[in-house]
Amino acid sequence: MEPSAGISKQDIRERIWDYMESENLADFPRPVHHRIPNFKGASRAAEHFPRLQAFRAARTIKVNPDAPQKGARFFVLDSKKTLLVPTPRLRTGLFNKITPPPGATKDVLRKCATSQGVRSYSTPVGLESRLLVDLVVVGSVAVSEKGWRIGKGEGYADLEYAMMVSMGAASQATPVVTIVHDCQVVDIPEALLEDHDLTVDYILTPTRVIATGCARPKPAGIIWSKISCEMMRQMPVLRSLRCREEQAGKDVTLRDGHRPLPRVQAALSPGRSPCDPPRPELGSVPSDTVYVGNLPRDARVSELKRALGALGVAPLRLTWQGAQHRAFLRYQDPAAAQHAVSCLQGFRLGANTVRVSLARQQTAGDPAGGRTGGPHPDRCSAGAAP
């Protein structure tokens, strides 16, 4: 199982996946290829978790939703600590907080720790919540005793940690734990590591606890040059963090070479990048109101409010027009409204991708015949309602 020189991360992944399949070392789901393996003995490995000093000292713990971390999630809930679980593929935010029902028994807590329980007992945690994560648990395909880690290749654990650092929820001092089968502990050439790769401080297996003493720095924040426009489109929370860092004066140039344009230039430029926020209609009055359309028929205002809070773009006032499948969001000023439009591009509520644009203020002479001051979708904005 020890890798030889000149191999890649994917070579190591394939060797471990093949070995676990050939030796029947995994439980459902099978095959383990392209997954964080749900290895046999995961519950025994998780029993080491509450014995760690880092666990005992922690109040808020983030645990990945993978099957082999189910035991870790249970111990967090059973110890009455705050459990945070990343949202699937970061599509609707960064974290969900798992809140068991009052008086939950251990059996109920075990259900809350399953993937179904995570869906049933979770509430979104917004970027504005100022949470502080004391301990992080991630899955791995391979890990070395030095703390080098290889995931399944999609980079979510690395990105989640970088996002936590960017929003001030984690730091270099935040310990990272991984739970794996003994066969997943292998030598990993340090040359394979990149600056965005997350390292681990503790490795828990069914037979031992390894304190890696890893001194290699963890990600110091989001490396925007590794983020693509497609990733921005799929992850609204990533767009919200980018807006924050752009406003703070940081370089947020994407992997595709896209640089954010100044707001005024973005509003007037005919050759707008697909990652830029929609521009307001030329000649219209700057609006502090955002139009949200194409809402699902069964959508509830509470769902939209929770989602907006999770994305860090909660409005001052929300006008709900459910019968028309739309809503209007009022913000403090036009700049805040434009920020919300940028962060909500590609946002999904239920099965629908909503339409988002600035709402323009109609004037008395408007040919559309609208009432003066009444909000309407800005038809020059991308995604506006027809």
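Which residues in α9 meet α12? In this predicted model, P236, R239, S240, C243, R244 and Q247 of α9 meet H339, S342, C343 and L344 of α12. The contact residues divide into four nonpolar, four polar and two charged. Helix α9 spans residues 236–247 and helix α12 residues 334–344. Their axes come within 8 Å and cross at roughly 140°.

Helix α11 covers residues 301–310, and its buried residues are L304, A307, L308, G309 and A310. G312 follows α11 and has a positive phi, near 75°.

A search of the whole structure finds three aromatic pairs. One of them joins F49 and F55 in an edge-to-face arrangement, 4.8 Å centre to centre with 65° between the planes. Both F49 and F55 are buried. Another pair, Y291 and F328, is tilted, with 5.7 Å centre to centre and 55° between the planes. This pair links distant parts of the chain. Y291 lies in strand β11 (residues 289–293) and F328 in strand β13, 37 residues apart. Both Y291 and F328 are buried.

Charged side chains also sit over aromatic rings. The charged end of K81 lies over the ring of F55, 5.1 Å from its centre. F55 is also part of the edge-to-face pair with F49. The charged end of R110 sits over the ring of F74, 4.6 Å from its centre.

Technical notes. Residues are numbered from 1 along each chain as its sequence is written. This is a predicted model: local features need pLDDT of at least 70, side-chain atom pairs count only at pLDDT 80 or more; totals for chains, interfaces and linings use all residues. Side-chain values use heavy atoms; hydrogens and water are left out. Axes are lines fitted to C-alpha atoms, for helices over the stretch in contact, and angles run from 0 to 180 degrees between N-to-C directions. Helices (H or I, at least four residues) and strands (E, at least two) are DSSP runs, numbered from the N terminus. Contact means heavy atoms within 4.5 Å. Ala, Val, Leu, Ile, Met, Phe, Trp, Tyr, Cys and Pro count as nonpolar, Asp, Glu, Lys and Arg as charged, and the others, Gly among them, as polar. Buried means under 20% relative accessible area, exposed over 50%, partly exposed in between (1.4 Å probe, protein chains only). Rings of Phe, Tyr and Trp (its six-membered ring) pair if their centres lie within 6.5 Å; planes under 30 degrees apart count as stacked, over 60 as edge-to-face and the rest as tilted. A charge sits over a ring if NZ of Lys or CZ of Arg is within 6 Å of the ring centre and within 35 degrees of the ring normal.
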